[in-house]
Amino acid sequence: MLRSGSALRRGLPRAGGAPGRGMRSADMFRELGLRLRLMGRTLQDQLSPLAPGTGSWGPPGVPRDPQPPEEADVVVVGGGVVGWSVAYWLKALEARRHGMRVLVLERDPTYSRASTVLSAGGIRQQFSLPENIHMSRFSASFLRNINEYLGVPNEPPVDIQFQPSGYLFLASPQDAEGLEATVKVQREEGVQVTLLSPAQLKDKFPWIDTEDVAVASYGLEDEGWFDPWTLLTALRRKAMSLGVLSCAGEVRGFVTSAEDLMPPRGPDPLSARIKRIHVYMQDSLEYQPVTCAIVVNAAGAWAGELLETAGLPEALRQPLPIQPRKRYIFSWHCHDGPGLSCPFLIDTTGAYFRREGIAGNYLGGMSPPEEEEPDPSDLSVDHSYFQEQVWPRLARRVPAFSSLRPGSSWAGYYDHNSFDRNGVVGAHPRLSNLLVAAGFSGHGLQHAPAAGRALAELVLKGRYETLDLSRLGWSRLVQREPLVEGGVV
Ligand SMILES: Cc1cc2nc3c(=O)[nH]c(=O)nc-3n(C[C@H](O)[C@H](O)[C@H](O)COP(=O)(O)OP(=O)(O)OC[C@H]3O[C@@H](n4cnc5c(N)ncnc54)[C@H](O)[C@@H]3O)c2cc1C
């Protein structure tokens, strides 16, 4: 409402009346424009507290409300691509608009260590596990139609800078049978993928040295890479436009219903619910308790640590074998390297690369063997790893790379599931209102749109409808039945 005595009242026409004497129509329209702008601002001020997240949203790093609310229906711990995807789908699928208060908590709004923004940005259909293929198929369709999902009225359309390009997996004679079996599964799932003999490979990509390659698989559609930051911010922008609340803070404690039991008490209960979480604000020893109905652990590489440090009673603990594993990405320039048709190449040795733009720039890396895992306590880069391990392998495969010029590099964390290198999606076996979506072990960026939708369905409907991810649930960990993905890079 405009306050009485507003400057706007001076010299303005009376409502419905003629312009004041001597007022030119240009002045009148200018005054009218000013009045409308002020009315808009006043309305925005009045509406924002009523419907947080509906009026405007800022980029990541600009928390809108430094204090979390005292209550939320669903609290999502972790504001990476998985957390924001879960939040977006919860609001997109909720039965009644503004029926549910969803809160995303992120301890580092600068995302300085988040896997999402430090990833290589790739999406592929070539997995060995049907669930991973289904998620990739869903996500490819989501990315293709991203503005239908994540477009926001009066905001610029989303452009994730998708670069279509097949993944090319090279197999040595000892791995050839395995690759062929995997391709069979992929084709049964409808993936467009072709097998290439060494001669066909040489014919298609003359710059490859095919020595020791027995067979290769090459994706024909829905593969390539895109900008991870754009996907993250687009999910966040859309989710907040639908009313999701965002707050900077670290979750360090869960208070469960088990703690309600008064003495004398028997043995600790084997199941309970989380009643409250404790959120520590940045640079503060104070915490804000948030009462909640459901908690989603989307803390990425730290999803296991979150459960370790949440102060759960011993009887309710279930280890989640997800931990940060440091991975480097190196970039380089090579003026006579592969051109526009360069695929995302995965060598027989595990070294990989793709082009970056079209001006002779590339990026790549390689996961080390288990016994040579680098210390994950910081994100420093070991440049000798490129010189001694990655470069020689790539130069052997692509002779032009012998004369490459090394460029910049960075390190990020794989959200490594040491049990079977696959995501864990679903409910905790002992805490009935705790769900997890984490541990995607190097393929979580591309699977986030799909995993977010699946988890939201589980929360809202109690079952999977679009994608059945029940085999990725927690029970395989409890029953010690690994669900192995053969195609982890
Ligand atoms: C070098 C590299 C290359 C990769 N390449 C690809 C690729 O090509 N394709 C692909 O699909 N995937 C790739 N990945 C993997 C992908 O990046 C991850 O699987 C994905 O980003 C995981 O998303 P997330 O949201 O679970 O994790 P994150 O992006 O790490 O988000 C988790 C967030 O949780 C926050 N958090 C943690 N604990 C707490 C807490 N207690 N309270 C509040 N907040 C908390 C963290 O600060 C973090 O921001 C790559 C990863 C790396 C490191």
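## Helix packing and sheets in a predicted model

The axes of helix 2 (residues 81-93) and helix 10 come within 7 Å and cross at roughly 40°. This is a predicted model: local features need pLDDT of at least 70, side-chain atom pairs count only at pLDDT 80 or more, and totals for chains, interfaces and linings use all residues. Residues are numbered from 1 along each chain as its sequence is written.

Axes are lines fitted to C-alpha atoms, for helices over the stretch in contact, and angles run from 0 to 180 degrees between N-to-C directions. Angles under 35 degrees count as roughly parallel, over 145 as roughly antiparallel, 65 to 115 as roughly perpendicular and the rest as oblique. Helix 2 and helix 10 are therefore oblique to each other. Their crossing is right-handed (the near helix is turned clockwise from the far one by less than a right angle).

Two residues are in contact if their C-beta atoms, placed from the backbone, lie within 7 Å. On the helix 2 side, the contact residues include Val-81, Ser-85, Trp-89 and Leu-93. Helix 10 contributes, among others, Leu-445, Ala-448, Arg-453 and Glu-457. The residues of this contact of helix 2 with helix 10 divide into 15 nonpolar, three polar and two charged. Here Ala, Val, Leu, Ile, Met, Phe, Trp, Tyr, Cys and Pro count as nonpolar, Asp, Glu, Lys and Arg as charged, and the others, Gly among them, as polar.

Helix 3 (residues 130-144) also packs on helix 10 (residues 444-461), at an angle of about 90° and with the axes 8 Å apart. Helix 3 and helix 10 are therefore roughly perpendicular to each other. Met-135, Ser-136, Phe-138, Ser-139 and Phe-142 of helix 3 make the contact with Gln-446, His-447, Pro-449, Ala-450 and Ala-451 of helix 10. These residues divide into six nonpolar, four polar and no charged.

| Helix pair | Axis separation | Angle |
|---|---|---|
| Helix 2 and helix 10 | within 7 Å | roughly 40° |
| Helix 3 and helix 10 | 8 Å | about 90° |

**The sheets**

The protein has 11 helices and 19 strands. Helices (H or I, at least four residues) and strands (E, at least two) are DSSP runs, numbered from the N terminus. Two strands pair if DSSP finds at least two bridges between them.

Eight strands form an open sheet with mixed pairing, in the order 6-7-5-14-15-16-13-17. Its edge strands are strand 6 (193-196) and strand 17 (405-417), each pairing on one side only. The twist averages 20° from one strand to the next. Strand 6 runs antiparallel to strand 7 (residues 215-219), and four bridges join them. Val-193 has Gly-219 in strand 7 as its bridge partner.

An open sheet of three strands has antiparallel pairing and the order 3-8-4. Strand 3 (122-123) and strand 4 (163-164) are the edges, each pairing on one side only. Two bridges link strand 3 and strand 8 (residues 224-225) in the antiparallel sense. Gly-122 stands opposite Trp-225 in strand 8.

Of the 489 residues, 43% count as buried. A residue is buried if 20 or more other C-beta atoms lie within 10 Å of its own, exposed if 12 or fewer, and partly exposed in between; C-beta atoms are placed from the backbone. Among contacts between residues at least 6 apart in sequence, 75% join residues at least 24 apart.

Gln-67 sits in the loop between helix 1 (25-47) and strand 1 (71-77). Gln-67 is exposed, with 12 other C-beta atoms within 10 Å. Gln-67 and Gly-249 are 182 residues apart in sequence, but 8.4 Å apart in space, C-alpha to C-alpha.
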